[in-house]
Amino acid sequence: GMHPVPVVYGMTIAEYAQMINGEKWLKNSIQCTLKIVPLKSYDRKAIYPLPVAPSPNLPNMTAVNLYPSLCFFEGTNISMGRGTQWQFQIYGSPYLEKTAFTFTPKPNAGDKNPKYNGKVCYGEDLSHIPTLSTLNLSWLIKAYEQTSAVKVNFFSSSFDKLAGNKTLKEQLLQHKSEKEIKASWQDALEKFKKTRKKYLLYPSDF
């Protein structure tokens, strides 16, 4: 929630830096001197397979693609597969409905003491789903509904910080659908797109 931008904001880091500077989002509205080195032939739609994993818990491009949708689970009692080889490609907990898919977190390079260490978790394997082109809230909603049904606290104190504000938590508590939640974003998204357009260095049609 530091800046008024969506989770998936569709900018290079240089474009984002220009926006922070131009909109005077730094403390006391100060502006810094930026030196931008544009890339030749940059294609915003091109998929760039990372040659080095950005984190032990983002081991491949599937995890990177799913991360924006699954990161909200960091502020809940749900495991995103830390302590397994499918970090951010699966999710589950001992409190979700018993499914055929299970996993048991154990200490590894990504997490020495993973959530639910040594306990069987039930959930979903997302490692083979098609590449996402939008934020998916269906897994978060499903996990919340199943957890609350068994009277177990779902949220941790960090959830609102991860979501940027209190709205998403309130919408989940009100049992809003994914369609309803996303509809509530539209005005702010349109405003953001107009602001973003001023700072894009490369062509964009979205």
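**Entry 1: the model.** I noted at the start that this is a predicted model, in which local features need pLDDT of at least 70 and side-chain atom pairs count only at pLDDT 80 or more, while totals for chains, interfaces and linings use all residues. Residues are numbered from 1 along each chain as its sequence is written, and side-chain values use heavy atoms, with hydrogens and water left out.

**Entry 2: helix α2.** I looked up helix α2, residues 61-70, where helices are DSSP runs of H or I with at least four residues, strands are runs of E with at least two, and both are numbered from the N terminus. Its buried residues are Ala-63, Leu-66, Ser-69 and Leu-70; buried means under 20% relative accessible area, exposed over 50%, and partly exposed in between, with a 1.4 Å probe and protein chains only. Seen down the axis of α2, these buried residues fall within an arc of 110°, so they line one face of the helix; the arc is that of the directions from the helix axis to the C-beta atoms. As background I wrote that an α-helix has 3.6 residues a turn, so residues three or four places apart point the same way. The buried residues of α2 pack against β1 (90-93) and α3 (138-149). At the start of α2, I found a side-chain oxygen of Asn-60 within 3.2 Å of the backbone nitrogen of Thr-62.

**Entry 3: the sheet.** I then followed the three strands, which form an open sheet in the order β1-β3-β2 with antiparallel pairing; two strands pair if DSSP finds at least two bridges between them. β1 and β2 stand at the edges, each with a single partner strand, so one side of each is left without a neighbour in the sheet. β1 is joined to β3 (residues 121-125) by four bridges, and Tyr-91 has Glu-124 of β3 as its bridge partner. Between β2 (residues 102-103) and β3 I found two bridges, and Phe-103 stands opposite Cys-121 in β3.

**Entry 4: Thr-147.** Thr-147 lies in helix α3, and at 0% relative accessibility Thr-147 counts as buried. Leaving aside neighbours within four places in sequence, I listed its contacts (heavy atoms within 4.5 Å) as Asn-77, Ile-78, Leu-96, Val-152, Asn-153 and Phe-154.

**Entry 5: two positive phi values.** I first reminded myself that most residues other than glycine have a negative phi. Tyr-116, in the loop between β2 and β3, has a positive phi near 60° although it is not a glycine, and at 14% relative accessibility Tyr-116 counts as buried. Lys-151, in the loop between α3 and α4 (159-163), also has a positive phi, of about 60°, but Lys-151 is exposed, with a relative accessible area of 77%.

**Entry 6: Ser-204.** Last, I looked at Ser-204, which is found in the segment after α7 (186-197) and is partly exposed, with a relative accessible area of 32%. Ser-204 and Met-11 are 193 residues apart in sequence, yet 9.8 Å apart in space, C-alpha to C-alpha. Not counting residues up to four places away in sequence, I found Ser-204 touching Arg-44 and Arg-196.

Conventions. Polar contact = N/O pair within 3.5 Å; in protein donor to acceptor, adjacent residues only side chain to side chain.
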